[in-house]
Amino acid sequence: MAKRLVRAKAKIREARIPFRIPGEAELPERLGAVLRVIYLLFTEGHLATRGEALVRADLCDRAIALARRVASLLPGEPEAAGLLALLLLTDARRAARTDALGDLVLLADQDRGRWDQDMIAEGEAILEAALRHGRPGRYQLHAAIAACHSTAASGESTDWRQIALLYAELIRYEPTPVVEANRAVAVAMAEGPAAGLVILDALAHHPQLRRWAQLYIARAELLRRLGRDGEAADAYRSALELEPAPASRSFISRRLRELEGAD
């Protein structure tokens, strides 16, 4: 990264490229890259890849502040508002995502009484206003999925069919195997673990997912629900081999102990 910065500075200096604020006509084509960077910043804070803590609050807070700034500067851009809504709806669950030991707590097991209802209300209001523009996009769809979770009283009452449909629509804007894997989880919740497992197994050999521990964790959870404990344990071990974050490792180890106890 340091070398890239040096090369970029040299190119700017040699070409005498002036620094200036982009004109209004240039903003739309630049917006996507800005929103992506903010989203990635939040993602690293939401599920930290380094350090002992699952969440890096400083990165989450910084990303939300940046998203607010962009949304305020571009009030007519629904995707800017959609990103802000997504971050608020997701971060509202922060306090419930880990237990007293700092270990990961799955969404279905979280104490929803610890979710920040003010953030949820704000996120939903921003999303509704964005959707009224009639120009849907990836961040609005992500936010709509997050809203389905935030409005459900429990994991059991979550509208998983609606979430699966939203993921299917999201693939039009974000055709990645990660989105397809998330759709598989929603399908599993709506139609049963076997249906979701079919989709995950089809994705198992995708190059982009071979080093993604979450895929193996998702497979293990579905296999466990199907009573295929041996295969579930193997999937959990595969996830551990990819050296996920400490909080995820603790969760996987706990699941493995539960399976060993069941034997």
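**Note on the helix packing and core of a predicted model**

1. Leu200 has its place in helix H9, and in this structure, which is a predicted model, the residue is buried, with a relative accessible area of 0%. Leaving aside residues up to four places away in sequence, Leu200 touches Ala181, Ala184, Leu215, Ala218, Arg219 and Leu222. Leu200 and Glu180 are 20 residues apart in sequence, while their C-alpha atoms lie 8.3 Å apart in space.

2. Two packed helices are described by the angle between their axes and the distance between the axes. Helix H9, spanning residues 193-203, packs against helix H10, spanning residues 213-225, at an angle of about 150°, and the two axes are 10 Å apart. Because angles over 145 degrees count as roughly antiparallel, H9 is described as roughly antiparallel to H10. The crossing of the two helices, H9 and H10, is left-handed.

3. On the H9 side, the contact is made by Pro193, Gly196, Leu197, Leu200, Asp201 and Leu203, and on the H10 side by Leu215, Ala218, Arg219, Leu222, Leu223 and Arg225. Sorted by class, the residues in this contact of H9 with H10 are 8 nonpolar, 1 polar and 3 charged. Leu200, as one of the H9 residues in the contact, has Leu215, Ala218, Arg219 and Leu222 among the residues that it touches.

4. Which residues touch the most other members of the largest nonpolar core? Of the 75 residues in that core, they are Leu83, Leu86 and Leu87. Helix H4, which covers residues 78-91, provides the largest share of this core, namely 9 residues. Leu83 touches Leu35, Ile38, Tyr39, Ala67 and Tyr139, when residues up to four places away in sequence are not counted.

5. With residues up to four places away in sequence not counted, Ser248 touches Leu104 and Gln214.

6. Glu231 lies in helix H11, which runs over residues 229-241, and this residue is partly exposed, with a relative accessible area of 38%. The C-alpha atoms of Glu231 and Glu14 are separated by 59 Å, and the two residues stand 217 residues apart along the chain.

Note on methods. Residues numbered from 1 in each chain as written. Predicted model: local features only at pLDDT ≥ 70, side-chain atom pairs only at ≥ 80, totals over all residues. Heavy atoms only, no water. Axes fitted to C-alpha atoms, helices over the stretch in contact; angles between N-to-C directions. Helix = DSSP H or I, 4+ residues; strand = E, 2+ residues; numbered from the N terminus. Parallel < 35°, antiparallel > 145°, perpendicular 65-115°, else oblique. Left-handed = near helix turned anticlockwise from the far one by under 90°. Contact = heavy atoms within 4.5 Å. Nonpolar A, V, L, I, M, F, W, Y, C, P; charged D, E, K, R; others polar. Core = buried A, V, L, I, M, F, W, Y, C linked by side-chain atoms within 4.5 Å. Buried < 20%, exposed > 50% of the residue type's maximum accessible area, 1.4 Å probe, protein only.
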